[in-house]
Amino acid sequence: MRVGLIGLGIMGKPMAENMVRAGVDLLVSDLNRNSVEVVANAGAQPAVNKEIGQSCDVVMTMLPNSSHVKAVMLGDEGLVKYMKEGTVFIDMSSINPVASKEIEAELEKKGISMLDAPVSGGEPKAIDGTLSFMVGGKQEVFNKYKPLLETMGSSVVRCGEVGAGNTAKLANQIIVACNIRAVAEAFTMAKMAGVDPALVYEAIKGGLAGSAVLDAKGTMMLDGNDYPGFKIDLHIKDLNNALDCAHTVGAPVPMTADVQEVLQWLHSSGNGQKDHSGIIKYYEHLTGVKL
Ligand code: NAD
């Protein structure tokens, strides 16, 4: 089985390296030549998109948003032109579920199957191959390609038909954003009340407030580390998709709308490329207090 991966950013690069390590015959491409070189040094073969479409049984993408995936797959030089009947497209980007369904409809016309398979876990889990995959698509397609996803992840769960993977991811992103904000708010209050937030963390991490977010992002706040990780601008993108999805189905999401405004402030104040743990900067701005 020959696989092609387009998109070698913070996530795509280590995911490609894990596929190569697992023995996958992998072709790669990205607009950024440096990233391609790094992954080529690990054993992948650099290629142009056309070649990936023509020669791969499985085409994968790990791109920023719906417009990028649509352009790469359905644009003027889109891969759909080159992929053969019976091949499969697996999109691991976090995009709007509506866009996933639109892409699937176009691919179906050529007999190409699709899975939407966004991930959770961030760069550390991409590096150690323990990502969580949320997958949408036909059961038989899922069964066939689950082992390929398992070369990059420790949890691979089918949530329904195409679009269900990205719907699950939007739910994940709502929970993560609200959770990070709660940590930032609580640490700031503790500091202002004269209690060391690092000791608060030690005291509460094993209790009900303990979470992967508290461990991964709370500690970044305490260390003053805002190196991404997951960029604030990407989280704004995800919450825009969540608000769009929620408004379409009539689901009330007031917490999502509120935390989106905080992220928007961070973007406007020049922090869009920083890690989303940078929500702490919003509280520093409000209070003048640093952790
Ligand atoms: P990134 O910005 O680091 O990487 C995106 C890559 O796509 C870049 O290398 C860019 O050059 C490439 N690219 C853009 N347009 C292209 C095109 N037309 N052709 C080829 N390459 C193109 O983003 P990332 O952090 O790796 O995230 C990728 C996706 O994974 C996003 O949808 C994001 O929301 C999701 N995600 C990220 C994390 C994280 O912690 N970073 C975690 C889970 C999910």
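## Accessibility and the model

A residue is called partly exposed when its relative accessible area lies between the buried class, under 20%, and the exposed class, over 50%. Arg158, at 26%, is therefore partly exposed. The structure is a predicted model.

The protein is divided into domain 1, residues 1–160, and domain 2, residues 166–285. Their centres, taken over C-alpha atoms, are separated by 27 Å. Contact between them involves 16 residues of domain 1 and 14 residues of domain 2.

Together the domains bury about 1200 Å², with 51% of this on carbon and sulfur atoms. On the domain 1 side, Ile10, Asn96 and Pro97 lose the most area to domain 2, together 34% of what that side buries. Zero salt bridges are counted between the domains, while eight residue pairs are in polar contact across the interface. Helix H5 (97–108) and strand E7 (119–120) each give two or more residues to the side of domain 1 that touches domain 2. The residues of that side comprise eight nonpolar, six polar and two charged.

## Salt bridges

The whole structure holds 12 salt bridges. One of them joins the side chains of Lys70 and Glu102, at 2.3 Å from N to O. This pair links distant parts of the chain, with Lys70 in helix H4 (residues 66–74) and Glu102 in helix H5, 32 residues apart. Lys70 is partly exposed at 29% relative accessibility, and Glu102 is partly exposed at 39%.

Lys146 and Glu150 also meet in a salt bridge, at 3.4 Å. Lys146 is partly exposed at 28%, as is Glu150 at 39%. Arg158 pairs with Glu161 at 3.0 Å, and Glu161 is partly exposed at 49%.

Key:
Residues are numbered from 1 along each chain as its sequence is written. This is a predicted model: local features need pLDDT of at least 70, side-chain atom pairs count only at pLDDT 80 or more; totals for chains, interfaces and linings use all residues. Side-chain values use heavy atoms; hydrogens and water are left out. Domain bounds come from an automatic or database domain assignment. Contact means heavy atoms within 4.5 Å. Buried area is the accessible area (1.4 Å probe) that two parts lose on being put together, summed over both. A salt bridge is a side-chain nitrogen of Lys or Arg within 4 Å of a carboxyl oxygen of Asp or Glu. A polar contact is a pair of N or O atoms within 3.5 Å; within protein, one must be able to donate a hydrogen and the other to accept it, and residues adjacent in sequence count only if both atoms are side-chain atoms. Helices (H or I, at least four residues) and strands (E, at least two) are DSSP runs, numbered from the N terminus. Ala, Val, Leu, Ile, Met, Phe, Trp, Tyr, Cys and Pro count as nonpolar, Asp, Glu, Lys and Arg as charged, and the others, Gly among them, as polar. Buried means under 20% relative accessible area, exposed over 50%, partly exposed in between (1.4 Å probe, protein chains only).
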